[in-house]
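This report describes the packing of nonpolar cores and helices in one protein model. Please keep the sequence and the structure in view while reading.

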Amino acid sequence: MTGQNGRSESEFIYGINPVKEALKAGRVRELYISSSRKNELNEILQLSKELKIPLRIVEERFFTSRFPKGHQSVGALVRKKILTDTAGLLQKIGDKTSSLLIILDEIEDTRNFGAILRVAEAAGADGVIIQRRRQAGITPEVVKASAGAFEYVDIAEENNIKYAINLLKEEGFRIIALEAKGEKLIWEIELKGRIALIVGSEGGGIRETVLRLADEIIKIPMLGKVNSLNVSVAAGIAIYEVLRQKRICRA
């Protein structure tokens, strides 16, 4: 199905958790299940029946020809998620005095992007801001890596994240950059109130022009022989330090 601008309004996703959460979110148009697994996916089948979603029982090659490994013999044709922008995020946040936004500076790996969405949703972040270019886009691989969290995270897309950062500053957000060359350790600064956390690309980190806009540059201590962490792991550590300091984390 295509919209008035000629662009497709639908796309495929795959994997048990992504499909299940997309069903709950009301995005699924058609459900596809391998004939070899139709007796093993009761929850998904029950959800699709309740929602009156068309079910297609197909051969395994349907999945292997369309998706990478890990498809779990489940797929769905879904409506594309509507992204917002920074102004939209701010409108939704309203006058909340305690808030967390994650800014991604040119994250290129789809698995890292999806993993960051997963931890952002788990930690209750208010949204994730990405740049339209030089950034991993919204793909089935991202949705799969998020393990369903994609459905619940507000994602803002901007032509230039420096514009987004300046807009956030005007609304009282402190801009915290997570970078290996940070001036302070992650637990040496206060991370309460309105916080926007920037994490950078897998290879180059945060761009210098973006770093200059940060109010604080922090780092995670490295005590072993390996001097770096995967970006999604580093983001997870930082996000949960913010959560810890806000004292809303529940055991």
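## Basis of the description

Contact means heavy atoms within 4.5 Å. Helices (H or I, at least four residues) and strands (E, at least two) are DSSP runs, numbered from the N terminus. The model is predicted, so that local features need pLDDT of at least 70 and side-chain atom pairs count only at pLDDT 80 or more, while totals for chains, interfaces and linings use all residues. Residues are numbered from 1 along each chain as its sequence is written, and side-chain values use heavy atoms, with hydrogens and water left out.

Pro18, Val19, Lys20, Glu21, Ala22 and Leu23 of helix 1 (residues 16-25) are buried, that is, under 20% relative accessible area, where exposed is over 50% and partly exposed lies in between (1.4 Å probe, protein chains only). Their cover includes strand 1 (10-14), strand 2 (28-34), helix 2 (42-50), strand 4 (74-79) and helix 6 (140-145). After helix 1 comes glycine 26, with a positive phi near 80°.

Helix 1 and helix 2 pack at about 25°, with axes 10 Å apart; axes are lines fitted to C-alpha atoms, for helices over the stretch in contact, and angles run from 0 to 180 degrees between N-to-C directions. The two helices, helix 1 and helix 2, are therefore roughly parallel (angles under 35 degrees). Ile16, Val19, Lys20, Leu23 and Lys24 of helix 1 meet Glu43, Ile44, Leu47 and Ser48 of helix 2. By class, this contact has 5 nonpolar, 1 polar and 3 charged residues (Ala, Val, Leu, Ile, Met, Phe, Trp, Tyr, Cys and Pro count as nonpolar, Asp, Glu, Lys and Arg as charged, and the others, Gly among them, as polar).

## Nonpolar cores

A nonpolar core is a set of buried Ala, Val, Leu, Ile, Met, Phe, Trp, Tyr and Cys residues joined through side-chain atoms within 4.5 Å. The largest has 50 residues, and Ile102 and Leu104 have the most contacts inside it. Helix 9 (residues 231-246) supplies the largest share of this core, 7 residues. Apart from this core lies another, of 23 residues, among them Ile103, Ile161, Ala164 and Ile217.

## Helix 5 against helix 9

Helix 5 (residues 110-122) packs with helix 9 at an angle of about 15°, their axes being 9 Å apart. Helix 5 is thus roughly parallel to helix 9. The contact involves Asn112, Ala115, Ile116, Val119, Ala120 and Ala122 of helix 5 and Val231, Ser232, Ala235, Gly236, Ile239 and Tyr240 of helix 9. By class, the contact of helix 5 with helix 9 has 9 nonpolar, 3 polar and no charged residues.

Note on methods
Parallel < 35°, antiparallel > 145°, perpendicular 65-115°, else oblique.
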